[in-house]
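Subject: Handover of a structure, with findings

Dear colleague,

Please find below the structure that I am handing over to you. My findings follow directly after it, for your reference.

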Amino acid sequence: MSKRLPAPEPPTPPIQPPGRKKVRIRKGGRWVEVDVDGEVKKGRFKYVKFVDDDGLDTYWISPE
Amino acid sequence: MPFSSAIYHAGYGTVWNVYKSAAYCQSNTSASDYGKCYNTAGKAIFVQTDTTTWPIDPTTGDSFPCATDGTCTRYTTTAVTRNFGTVFNYSGKQAIVQYFWSRSHAWYNQFYYNITNSAYGMILPAHTANPDHLWFLPSPNYEISSWPVYDPVANFKAYLNPYTISSGYVAVLRWYGSFFTPVLYLSAWERNLNNIWYAADVRVFWAYESSPLAVIPLDYDRDYVPYQELRNAFGYAATGVDQPGWNVDDIIRVLRELFPDRAWAVFDDRQYVLYLYNLTPDYVPDWLVEKLTPTAMKVIQPPADATVAKAWLDLLNERNAQIPPQAELP
């Protein structure tokens with residue numbers, strides 16, 4: 001009778017770079033993860049700050 | 001300037017595709033079934049102000065018969081104008097109302113005069129006529145009739161399920177055209193009457209412009225030339241805050257040229273992005289964010305001088321304070 005092998009360990013999650021927070025935003029019809037530099041609250045809405053692909057400082061509405 | 005189409009459909013006691021044709025309520029106070037509504041699809045409207053005879057108790061609810069059995073919405077106050085709802089209310093841009101259809105049952109031919117009205121129309125300064133609070137009907141091509149009603153366009157058959165109702169009147173109103181307004185209400189001219197009822201089904205089609213907005217409060221005297229140039233190019237909004245125009249890139253290019261040292265914002269109402277020039281979100285007032293609900297704010301150029309950004313904010317707040325509240329009907 002063969003010995004049953006133990007179940008493989010779950011993969012180790014990648015180590016997050018320290019400092020910058022990652023947030024998933026809905027952009028162009030899909031979810032993208034961005035490194036955010038800050039947050040700003042405007043009325044009922046919260047925006048996260050990051051540098052977008054166009055190089056502009058961008059404040060995107062936070063899904064959270 | 002791209003346009004989109006939209007439709008509004010509302011039913012009060014009767015609806016478009018469910019023929020509850022005999023829908024009516026009993027308004028004869030001598031009748032044993034006074035206050036009842038029959039054959040309704042959804043809730044009819046009943047105005048009965050006597051809350052002594054038919055009180056509303058916070059625990060047991062409204063004692064008026066049709067309110068108790070859920071066949072009507074009861075109003076306990078009379079109104080000159082009964083506002084059933086807002087069809088649309090755009091900030092700083094116009095819609096073109098194209099088609100209106102209603103079928104109503106009521107205690108009397110009350111709908112012959114009314115149905116919708118508009119407010120805060122955008123006008124050029126040279127125009128003296130004020131389109132505010134303009135009743136939509138009557139118009140030359142409206143029609144009214146007792147049932148059965150011949151309405152071949154809407155139904156493609158000679159008679160629209162002919163029937164007679166045992167109480168009240170039926171009216172079909174139809175209107176085609178092009179009428180420009182930023183706000184449209186669904187209203188009836190109720191004339192402060194009491195003990196009345198409606199059952200109505202309404203459809204409104206309209207198109208609305210999708211266009212970016214330049215957010216830059218201008219002073220007519222101080223900025224006369226660019227003011228005129230912008231207004232002629234981009235059109236004019238009654239608020240003085242928003243100016244409907246071309247596309248975002250065009251507006252940004254023109255504003256960069258005309259106002260390189262001022263603060264301004266451009267709102268892309270297709271992508272819902274607010275572009276900021278000589279501004280950061282810190283200077284964008286909460287009310288503007290609530291009004292435009294941008295998905296993103298992008299800083300084209302951060303403010304070189306905080307006083308420029310502050311001046312934009314102060315002027316914008318000042319203009320906003322002058323805009324009358326749009327929630328209430330006169």
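I begin with a salt bridge inside chain A: A:D35 pairs with A:K22, and their closest N and O atoms are 2.8 Å apart. A:D35 belongs to strand β2 (residues 30-36) and A:K22 to strand β1 (residues 21-27) of chain A, so this pair ties together parts that are 13 residues apart in sequence. A:D35 is partly exposed, at 28% relative accessibility. A:K22 is likewise partly exposed, with a relative accessible area of 33%. Please bear in mind throughout that this is a predicted model.

The side chains of A:R44 and B:E290 meet at 2.7 Å, N to O. A:R44 sits in the loop between β3 and β4 of chain A, while B:E290 is in helix α5 (residues 286-292) of chain B, so the pair joins two chains. Are these two partners exposed or buried? A:R44 counts as exposed, because its relative accessibility is 61%. B:E290, at 27% relative accessibility, counts as partly exposed.

B:K36 has a relative accessible area of 31% and is partly exposed. B:D69 is also partly exposed, at 36% relative accessibility. Elsewhere, salt bridges with shared partners join A:K27, A:D52, A:D53, A:D54 and B:K298 into one network. Over all chains, the count comes to 13 salt bridges.

Turning to chain A as a whole, the chain has five strands and zero helices. Its pattern along the sequence is therefore β-β-β-β-β. Of its 64 residues, 25% are buried. Among contacts between residues at least 6 apart in sequence, 18% join residues at least 24 apart. The accessible surface of chain A is about 5200 Å², and carbon and sulfur atoms account for 56% of that surface.

The interface between the two chains deserves a separate paragraph. The size of an interface is often given as the accessible area lost when the parts come together. Here, about 1300 Å² is buried between chain A and chain B, with 57% given by carbon and sulfur atoms. On the side of chain A, the residues that lose the most area to chain B are A:K42, A:L56 and A:Y59, together 41% of what that side buries. In terms of contacts, 14 residues of chain A touch 14 residues of chain B.

Which polar and charged pairs cross this interface? There are four salt bridges between chain A and chain B, and 11 residue pairs are in polar contact. The elements of chain A that give two or more residues to the side touching chain B are β3 (38-42), β4 (45-51) and β5 (57-61). Of these, β5(A) provides the largest share, five residues. By class, that side of chain A has seven nonpolar, two polar and five charged residues.

Yours sincerely

Note on methods: Residues numbered from 1 in each chain as written. Chains lettered and ligands numbered in written order. Predicted model: local features only at pLDDT ≥ 70, side-chain atom pairs only at ≥ 80, totals over all residues. Heavy atoms only, no water. Helix = DSSP H or I, 4+ residues; strand = E, 2+ residues; numbered from the N terminus. Buried < 20%, exposed > 50% of the residue type's maximum accessible area, 1.4 Å probe, protein only. Contact = heavy atoms within 4.5 Å. Areas by Shrake-Rupley, 256 points an atom, 1.4 Å probe, with all protein chains shown as cover. Buried area = accessible area lost by both parts, 1.4 Å probe. Polar contact = N/O pair within 3.5 Å; in protein donor to acceptor, adjacent residues only side chain to side chain. Nonpolar A, V, L, I, M, F, W, Y, C, P; charged D, E, K, R; others polar.
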